[in-house]
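User: I would like to learn how to read a structure like this one, feature by feature. Can we start with confidence and then go on to contacts?

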Amino acid sequence: SRLNRHDNLWGFETLDQCIAVYNQLLAEYGLPPFTRCTRFEVRQGESGAKSSQLWTDGAVIQRVDLTTNISVGKGNETPYLRGLASQRLGHSIGRLFPNGKSVDWTTSGSGKGARLQYRKAYDKGFEIQSKHLPKVKRAYGEGSPEFKYAQELCNYAVETGIVRLEQELKSEFLSREKLCFYGLFDEANYRKLHEEFVGVDQRLKVTKMDIVSIAGQLLAEGVVETQRAANLTASYAIMWMHGQELAMSERSYNTHAARLNRIGINIRNAPDLTLCSTVFIREMKEINPVKNIAPPSWYKRPSHLRIAA
């Protein structure tokens, strides 16, 4: 989505818009455009193809990147990302990068094991400042309009506190879910998949009036009804944080894990003291993520979208 533009902070909203970019490029080289599929069938014949292989009469999508920009407020990007890293996505485990500016989720929790989907979140202002600005400066010069625009973009991302959520849907996943045949599926399926990912922060209690212990947080959220139950569950959380063995039945473990998961502590993950604390800090100001924020009026949208508008 960076074709003929300097950035992709806001990109395309439909597959048709994405395909239009490719077709414009194909037309420049005198090549036929990508078209919608009207059918797909199992490949047969003497080719020896497996029965699971399919053919179609239109474009087949090999990868889709879905993105959302979230505004968390200036200076809140790193604590927000630390909170996200403590959460699981299905069987995928969050991993905070050493610089604290990015998180990804893989089955191994070490960056490996993302055969079907690769999901990540990162500080967009930091990314623009460290990668995009130097590139524009080298290409156009420090006094150029392009560099000035890139600086405005960087300042906006930093002042707004933008965290970017991205997920790559890979070829095997798209094929398995029948989301690869352009024109033969409902794009709302992409949206549903992405909403599940964007909802990763729903259990987080990333707030900054009073200091509440884990037991107090369990009571405040209505997870448990008694102080005794809250204290017991909190004690297991503290043991987990210190790497101690949790000696209990599987049923008890699942009960306490489910309680703690509702306030953003996942004891099924390996403990990492950099990602969690035994207190939740609340102030008058909270981190309230604003999702799907609209671009500022001066933002340069893709050219064919401006024409269409």
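Analyst: What follows takes one kind of feature at a time.

User: What kind of model is this, and what is its mean pLDDT?

Analyst: This is a predicted model. Start with the predictor's confidence in each residue. The mean pLDDT here is 83. Of the residues, 85% reach 70 or more.

User: Where is confidence lowest, and where is it highest?

Analyst: The lowest is helix α10, residues 303-308, with a mean of 46. The highest is strand β7, residues 117-123, at 95.

User: How many helices and strands does the protein have?

Analyst: There are ten helices and eleven strands. The chain has 309 residues, and buried ones make up 40% of them.

User: Which residues make the nonpolar surface patch of about 410 Å²?

Analyst: Leu3, Leu25, Tyr29 and Leu31 make it. Take Tyr29 as the example. It sits in the loop between α1 (15-28) and β1 (40-42).

User: Now the rings. How many aromatic pairs does a search of the whole structure find?

Analyst: A pair of aromatic rings is described by the distance of the centres and the angle of the planes. The search finds eight pairs. One of them joins tyrosine 156 and tryptophan 298, with centres 6.0 Å apart and planes at 90 degrees. That pair is edge-to-face. Tryptophan 298 is partly exposed, because its relative accessibility is 33%.

User: What is the geometry of the pair of phenylalanine 185 and tyrosine 190?

Analyst: The centres are 5.2 Å apart and the planes meet at 65 degrees, so this pair is edge-to-face. The cut-off for that class is over 60 degrees. Both phenylalanine 185 and tyrosine 190 are buried.

User: Which residues do ring pairs link into a cluster?

Analyst: Trp10, Tyr149, Tyr156, Trp298 and Tyr299 form the cluster.

User: Is tryptophan 10 buried or exposed, and where is it found?

Analyst: Tryptophan 10 is in the segment before α1. Its relative accessible area is 9%, so it is buried. Contacts tell what lies around it. Leaving aside neighbours within four places in sequence, its partners include Arg5, Asn69, Ile162, Pro295 and Arg301. Cluster members Tyr156 and Tyr299 are also in contact with it. Its C-alpha atom is 8.7 Å from that of threonine 67, and the two residues are 57 apart along the chain.

User: On to charges. How many salt bridges does a search of the whole structure find?

Analyst: The search finds 15. Aspartate 57 and arginine 39 meet at 3.4 Å, N to O. Aspartate 57 is in the loop between β2 (54-56) and β3 (64-71), while arginine 39 is in the loop between α1 and β1, 18 residues apart. Aspartate 57 has a relative accessible area of 32%, so it is partly exposed. Arginine 39 is partly exposed because its value is 39%.

User: Which residues are linked with this pair in a network of salt bridges?

Analyst: The network is made of Arg39, Glu41 and Asp57.

User: What parts of the chain does the salt bridge of glutamate 159 and lysine 74 join?

Analyst: These side chains meet at 3.0 Å, N to O. Glutamate 159 is in helix α4 (residues 145-160) and lysine 74 is in the loop between β3 and α2 (77-85), so the pair ties parts 85 residues apart in sequence.

User: How exposed are arginine 95 and aspartate 104?

Analyst: Their salt bridge spans 2.7 Å, N to O. Arginine 95 is partly exposed, because its relative accessible area is 25%. Aspartate 104 is at 0%, so it counts as buried.

User: Last, the backbone. What phi does lysine 178 have?

Analyst: Its phi is positive, about 55 degrees, although lysine 178 is not a glycine. The residue is in the loop between α5 (171-176) and α6 (188-198). Its relative accessible area is 39%, so lysine 178 is partly exposed.

Methods
Residues numbered from 1 in each chain as written. Predicted model: local features only at pLDDT ≥ 70, side-chain atom pairs only at ≥ 80, totals over all residues. Heavy atoms only, no water. Patch = residues over 30% accessible without salt bridge, like charges linked within 9 Å, V, L, I, M, F, W, Y side chains within 5 Å. Areas by Shrake-Rupley, 256 points an atom, 1.4 Å probe, with all protein chains shown as cover. Salt bridge = Lys/Arg side-chain N within 4 Å of Asp/Glu carboxyl O. Helix = DSSP H or I, 4+ residues; strand = E, 2+ residues; numbered from the N terminus. pLDDT = per-residue confidence, 0-100. Phe/Tyr/Trp six-rings, centres within 6.5 Å; stacked < 30°, edge-to-face > 60°. Buried < 20%, exposed > 50% of the residue type's maximum accessible area, 1.4 Å probe, protein only. Contact = heavy atoms within 4.5 Å.
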